[in-house]
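Here is a friendly walk through one model, from its charged pairs to its nonpolar parts. Keep the structure open beside you as you read.

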Amino acid sequence: MKKLDPTVKRETLYILALTVAMSLVMQGVFAIFGAWNLSVLWGNLLGGAAAVINFLLMGITVQNVMGYEEKRLRNAVRLSQMLRMLLLIAVAALGVALPCFSTVAALVPLFFPRVAVAFRPLFKLGGEK
C-alpha cells in the first residue's frame with residue numbers, strides 16, 4: 001500500500017475537525033430541545049465516522065489513480081464511488097433500523113463533509129499556498 005499523501009492526510013484531518021465541531025453543535029441542539037439521549041450520541045458517532053471514512057477512501061482513490069490512462073481512471077473512480085455509496089447506504093440503514101441509533105443523528109453527519117468542503121476556502125492550514 002502506498003504511503004498516504006500529505007494532501008489527503010491534511011484534507012481528511014480538516015474534514016474530521018469540522019465534522020467533530022458540527023457534531024458537537026448538533027449534540028447541543030438536541031440537548032437544548034430536550035431530545036438528547038445516548039441514541040443521539042451513538043447515531044452521531046456512526047454517521048460522523050462513516051462520513052470521515054468515506055472522505056478518506058475518496059482521497060486514497062484519487063491518490064492511487066493518478067497516472068492511470070483515462071479509461072482506467074474513470075472505471076476506478078466509478079467503482080470507488082459505487083462502493084463508497086454502498087457503505088453509506090449500509091450505515092444509513094443501520095442508523096434507521098437499530099433502536100440504539102437516533103435516525104436523525106445518524107443521517108445528518110453524512111452531510112457534514114459537504115458543508116466542510118463548502119467552507120474550505122475560508123480556512124488555510126499550515127503548509128498551504
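Helices here are DSSP runs (H or I, at least four residues), numbered from the N terminus, as are strands (E, at least two). This is a predicted model, in which local features need pLDDT of at least 70 and side-chain atom pairs count only at pLDDT 80 or more, while totals for chains, interfaces and linings use all residues. Residues are numbered from 1 along each chain as its sequence is written, and side-chain values use heavy atoms, with hydrogens and water left out.

Let's start with charge. Side chains of opposite charge can pair when their charged atoms come close. Taking a salt bridge as a side-chain nitrogen of Lys or Arg within 4 Å of a carboxyl oxygen of Asp or Glu, a search of the whole structure finds three.

| Salt bridge | N to O distance |
|---|---|
| Arg10 and Glu11 | 3.6 Å |
| Glu11 and Arg120 | 2.8 Å |
| Glu70 and Arg74 | 3.1 Å |

To describe their surroundings, buried means under 20% relative accessible area, exposed over 50%, and partly exposed in between (1.4 Å probe, protein chains only). Glu70 and Arg74 both sit in helix H3, four residues apart, or about one turn of the helix. Glu70 is exposed because its relative accessible area is 59%, whereas Arg74, at 36%, counts as partly exposed. Elsewhere, shared partners join Arg10, Glu11 and Arg120 into one network of salt bridges.

Glu11 has 19% relative accessibility, so it counts as buried. The Glu11–Arg120 pair links distant parts of the chain, 109 residues apart: Glu11 is in helix H1 (residues 6-32) and Arg120 in the segment after helix H5 (112-119). Like Glu11, Arg120 is buried.

Now for the nonpolar side. A nonpolar core is a set of buried Ala, Val, Leu, Ile, Met, Phe, Trp, Tyr and Cys residues joined through side-chain atoms within 4.5 Å. The largest one has 12 residues, including Tyr14, Leu18, Phe30, Val52 and Phe112. Two or more of its residues come from each of H1, helix H2 (38-65) and H5, and H1 gives the largest share, six residues.

Which residues does Phe30 contact, leaving aside its neighbours within four places in sequence? With contact meaning heavy atoms within 4.5 Å, they are Ala35, Trp36, Val40, Ser102, Val104 and Ala105.
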